[in-house]
Amino acid sequence: MPLHPLRPPPFLTNNRLFLLPAAASTRAPSTMSSSSSSSSSHSCSVVDSRQEAEQHSLFLNQVLKYHNQTKHHFNNYAKGPHGLDWANQPNPFRRYLSAPLIPLQHLPIDQQQNQQSDSPLYSSLFLSFPSPQPVTKSTISQLFYDSLALSAWKTTGFSTWSLRVNPSSGNLHPTEAYLIAPPIDSISDEPFVAHYAPKEHSLELRTRVPSDFFTKFFPENAFLVGFSSIFWREAWKYGERAFRYCNHDVGHAVAAVTMAAAALGWDVKLIDGLGYSDLEKLMGLENFTKFKTPNRSVKGILPEIEFEHTDCVLVVFPNGASEFRLDYQNLSSVICKFSQLNWKGKPNSLSKEHVCWDIIYRTADAVTKPFKWGDKFTINPFQTSELLSKSSSKGLSVREIVRKRRSAVDMDGIHIMERETFYQILIHCLPSGFRNGEKAKQGKHTGLPFRVLDWDAEVHAVLFVHRVSGLHKGLYFLVRNEYHFDQLKRATRTEFKWEKPEGCPDGLPLYELARGDCQTLAKKLSCYQDIAGDGCFSLGMVARFEPTLREKSAWMYPRLFWETGVLGQVLYLEAHAVGISATGIGCYFDDPVHEVLGLKGSEFQSLYHFTVGGPVLDKRIMSLPPYPGPNIDA
């Protein structure tokens, strides 16, 4: 059915949204005192329960202050550099100088290049895992090649830069990865910790760990992947808002590893019961010179600012080995002794001069998760996500999609998406899988790749539908946790319809809110970027925000962004699976988005935006193969 011009409802054309609104009058909570971004205040022991209530309030106030201070408004963007200091652009490649470098294997990308491809069809992963592969140098090579490696080099004029399989805000890549594994032939004859070097597609061996570490805690053929963030890389361009973007990128990387592992028949789960101090020791990151946060933002030679903030660690294991349990207390005790290991390699310098946006490091301190008694490790049964129609899939392998994924720079404003394709993309965005005709409530993270996460879904999506055949233009809402439905309906505008759109599958909790042309609105809300209105649809990821932080703790703040990053990675892959493209949008006007929905206060907050549609290719830019690449750090 063709789309016809519709008269938008009043709230879509409310001029107040397009004027310069007054600054928020809410007084920001007071900040914490100056502190170190290391975990010196944390130890491998349990936090004293007498301090928990006080810390909870203090840390929550810091998070709320950061979140409110880093909002973009029509008349005022969050604090950032007034221009880009190209002479001090951070090196995107961390290396541990003098650590032994073990090259990994490279693999063919296209199915036609390798008739016996080791990469399964992308669409098949949502139905079931393939048989698990053994852990070898070849399969470890494939895991990193299909998740965190370089995907191409781009060049135009005098500029050349690299792209990676995992997306990153501004292509700045603050995320570093570590492999903690049992002995693997041709890599190490003992259990080890290694840093992944994407430019070389190699492992840098940092240390060897006790021989019984894996047999004591993990099933056979299990290993760990850890992530850390270098805030400076992102803050160089984005200033105070960079902490948000770093955590988007953690979520992208988590999802990238989860999908690549699934192609090998491996399941992945976040080990979220360990504390920040445990993760520092596990990855050898406590050896960085401690960075002491100043009382204000400063510029100068600050090499300590290039430290790595530990984010999380994943356990990768053969699918079906879901009955094992982790003894967090004993695991933490063993990891504490990693401080005594012989760590090899000195981290390279990334910039000559730096700018410290102090609120980033105060907030990073506030959200570090302590070790806590009673945390449990559970693995939910796998839930499939059925295909509505095989016609929506191009029959591409996992590797073809993940390695050819690109962030669109522009959308053509022409491409029209079929309604069935739209529904299929949203089905794969559901946390609990999907069976056509079944009406089981969405909420638990049991489908791929969301099952890697250790909490129930907290992130929803408001959709601006522009060009979907057979669907009215307008505002829609995807409820990813149906236990939040009543809260969402009460919190949003009373005039919203909350009706299932035509042809929507029973098990897809998608609702039409209002009809109207949202293209101009979407562009203005996303910092006046045309790309938000020129695709088939765009969306804002809306999290249940302050209640989640109060119920759990301030350490859920980055985790909400991780969830948006995982969801964003699915949107990237789904778009490429149907032959189009997508782009994450970190620049949007926070409170005007909330005003469109009628949201007040901090119960729900928009944390990430996205757009999906037909890309415009810039023919001035030449693509080069990822390996071997040019001898530059870009």
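**Figure 1. Cys527, a buried residue with a positive phi.** With a relative accessible area of 10%, Cys527 falls under the 20% limit and is therefore buried in this predicted model. Its place is the loop that runs between helix H12 (519-525) and strand E19 (537-544). The phi angle of Cys527 is near 55°, a positive value in a residue other than glycine. Most residues other than glycine have a negative phi.

**Figure 2. Ser186, an exposed residue with a positive phi.** Ser186 is found in the loop between strand E5 (175-181) and strand E6 (192-197). Phi of Ser186 is near 75°, which is positive although the residue is not glycine. Ser186 has a relative accessibility of 59% and therefore counts as exposed.

Figure 3. Leu448 and Pro449 are joined by a cis peptide bond, with omega about -5°. Pro449 belongs to the loop between helix H10 (419-427) and strand E15 (459-465). A cis peptide bond also links Tyr627 and Pro628, and here omega is about -10°. Pro628 lies in the segment after strand E22 (622-624). Most peptide bonds are trans.

**Figure 4. The packing of helix H4 against helix H5.** Two packed helices are described by the angle between their axes and the distance between the axes. For H4 (residues 231-238) and H5 (residues 242-263), the angle is about 130° and the axes are 8 Å apart. H4 and H5 are therefore oblique to each other. The crossing of H4 past H5 is right-handed. On the H4 side, the contact is formed by Phe231, Glu234, Ala235 and Tyr238; on the H5 side, by Ala242, Phe243, Tyr245, Cys246 and Asp249. Sorted by class, this contact holds seven nonpolar residues, two charged residues and no polar ones.

**Figure 5. The packing of helix H4 against helix H8.** H4 also packs with H8 (residues 358-366), at an angle of about 140° and with the axes 11 Å apart. The two helices are therefore oblique to each other. H4 and H8 make a right-handed crossing. Phe231, Trp232 and Ala235 of H4 meet Ile360, Tyr361 and Ala364 of H8. The contact of H4 with H8 has six nonpolar residues, with no polar and no charged ones.

**Figure 6. The crossing of helices H6 and H7.** The axes of H6 (residues 276-283) and H7 (residues 328-336) come within 9 Å and cross at roughly 50°. This angle makes H6 oblique to H7. The crossing of H6 and H7 is left-handed. H6 contributes Asp278, Lys281 and Leu282 to the contact, and H7 contributes Ser332, Ile335 and Cys336. By class, three of these residues are nonpolar, one is polar and two are charged.

**Figure 7. The surroundings of Gly586.** Gly586 is located in the loop between strand E20 (581-585) and helix H15 (590-597). Its relative accessibility is 17%, so Gly586 counts as buried. Although Gly586 and Tyr245 are 341 residues apart along the chain, their C-alpha atoms are separated by 7.1 Å. Beyond its neighbours within four places in sequence, Gly586 is in contact with Arg241, Tyr245 and Tyr608. Tyr245 is also one of the H5 residues that meet H4.

**Figure 8. The surroundings of Pro219.** Pro219 sits in the loop between helix H3 (213-217) and strand E8 (223-229). Setting aside neighbours within four places in sequence, Pro219 has contacts with Phe317, Ala321 and Phe324.

**Figure 9. Nonpolar cores of the protein.** The largest nonpolar core has 152 residues, and those with the most contacts inside it are Phe213, Phe218 and Phe422. Helix H14 (residues 556-577) supplies the largest share of this core, eleven residues. Apart from this core lies another, of 28 residues, including Ala408, Phe496, Tyr511 and Val542. Residues up to four places away in sequence not being counted, Phe218 touches Phe213, Leu224, Ile271, Val315, Leu326 and Leu331. In the whole protein, 61% of the 634 residues count as buried.

Methods: Residues numbered from 1 in each chain as written. Predicted model: local features only at pLDDT ≥ 70, side-chain atom pairs only at ≥ 80, totals over all residues. Heavy atoms only, no water. Axes fitted to C-alpha atoms, helices over the stretch in contact; angles between N-to-C directions. Helix = DSSP H or I, 4+ residues; strand = E, 2+ residues; numbered from the N terminus. Parallel < 35°, antiparallel > 145°, perpendicular 65-115°, else oblique. Left-handed = near helix turned anticlockwise from the far one by under 90°. Contact = heavy atoms within 4.5 Å. Nonpolar A, V, L, I, M, F, W, Y, C, P; charged D, E, K, R; others polar. Core = buried A, V, L, I, M, F, W, Y, C linked by side-chain atoms within 4.5 Å. Buried < 20%, exposed > 50% of the residue type's maximum accessible area, 1.4 Å probe, protein only.
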